[in-house]
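User: I would like to learn how to read aromatic contacts in a model. Please take me through them.

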Amino acid sequence: MSNHDLAASSQVKKLRYIESLYGHADRHFGAHALDDALGHLNEVMLAEILESWFISIRNQPSVGPADESRWRAGLAFVGSVVTWLSKSTLPTDRLRQIEARLHRLSHLYGQLHVRRSRQPCQIRSLPASVIKALYEMLDPASATNPFARQHTRWLAFISFLLMLHQGLRRGELLLLTADVIKDGFDEGQQRSRCWMNVKESLYSDDGDDPRYSRPSIKSANSVRQLPVSEAVAGLVQTYVENYRGRPGHAFLLNTQQDSPLSTESLTKMFLKISAALPPSILLELKGRSGKNSVTPHDLRHTCAVVRLNQLLHHGDSMDEALQKLRAFFGWSRESQMPVRYARAVFEDRLSSVWNNAFDDRVEVLRAIPS
């Protein structure tokens, strides 16, 4: 109930963390120890279970970020259940006592960290040379395109464009439908404009999504409307009308076998794209980011850095720019994710590629017969 707005994969991860807490309590305090402590609102026993669990996680041979997340998920679970039970079952005086002790527990254990925090890793956009190489290589008419069939070339190119220009997560991209691009006349701006809606798919609920790993929206904040440039809208339409085919499903990205593009296939596609990059480009990628390949999420990072750079360039304050970034990329108003891009934004080596190189490629693509 408390995690209903999370994607299915995030729900499963949190449930596994909570199951780990239950397993520890059963092994060290007896069967059903955690449920008994929660049901009787026994804050002393809850404190013992939490402290013991924390120590067991901390004493593992290797402790990573996932262990910190596991500890945080278990602690939050205990706090939320105690709060829920106490408000629904206790008289006012007893409720105040429990709330005071719960606050003390939360304050005490909230300061504990399984893993000593390091300097946060700076998020980097892809180097300008990598972006330029991807534009050139993934042009469906390019001689260096790693895919043989025109259908697959356009599939890869549209995937690349939408993640780079719209900042879509992988799951959001795979949920788009063939009619995702909308257009209309904007009375305020007195011009026509295009947009897309990022939202959950109705077809997944109806059982019409045959994919084993069904993509999903990450959270309620991820549901949003994004402006789309005429160039990107036109290319998506070209793909839909000439290269998508006529499959028996509504999803935008369609494979050669007339099935919706899957998470696994998208990952393999980018592994092939990365392997086809020139050695000099891969060397710069390795030197700048420590990576040997380009992932779909790298394109989202790059989009965020460029968009923040553009907002600041056009006169927005940093606070205003970060809030606009939260709305565009589907983060909550309290999310600190945009702040992590602030340092990278001052690396302006991408600006010329974004503003000029893409326009050049669009002119070439517009000359391709439909």
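**Aromatic pairs**

Analyst: F160 counts as buried, at 0% relative accessibility. Buried means under 20% relative accessible area, exposed over 50%, partly exposed in between (1.4 Å probe, protein chains only). This is a predicted model: local features need pLDDT of at least 70, side-chain atom pairs count only at pLDDT 80 or more, and totals for chains, interfaces and linings use all residues. Residues are numbered from 1 along each chain as its sequence is written, and side-chain values use heavy atoms, with hydrogens and water left out.

User: How is a pair of aromatic rings described?

Analyst: By the distance of the centres and the angle of the planes. Rings of Phe, Tyr and Trp (its six-membered ring) pair if their centres lie within 6.5 Å; planes under 30 degrees apart count as stacked, over 60 as edge-to-face, the rest as tilted. The whole structure holds 8 aromatic pairs. Y135 is in helix α6 (residues 128–138) and F160 in helix α7 (residues 150–166), 25 residues apart. Helices are DSSP runs (H or I, at least four residues), numbered from the N terminus. Y135 is buried, at 2% relative accessible area.

User: Why is the pair W154 and Y243 stacked?

Analyst: Because the planes are at 10 degrees, with the ring centres 4.7 Å apart. W154 lies in α7 and Y243 in the loop between α10 (230–242) and α11 (263–276), so the pair ties together parts 89 residues apart in sequence. Both W154 and Y243 are buried.

User: Which residues form one aromatic cluster?

Analyst: W53, F54 and W71.

Note on methods
Helices (H or I, at least four residues) and strands (E, at least two) are DSSP runs, numbered from the N terminus.
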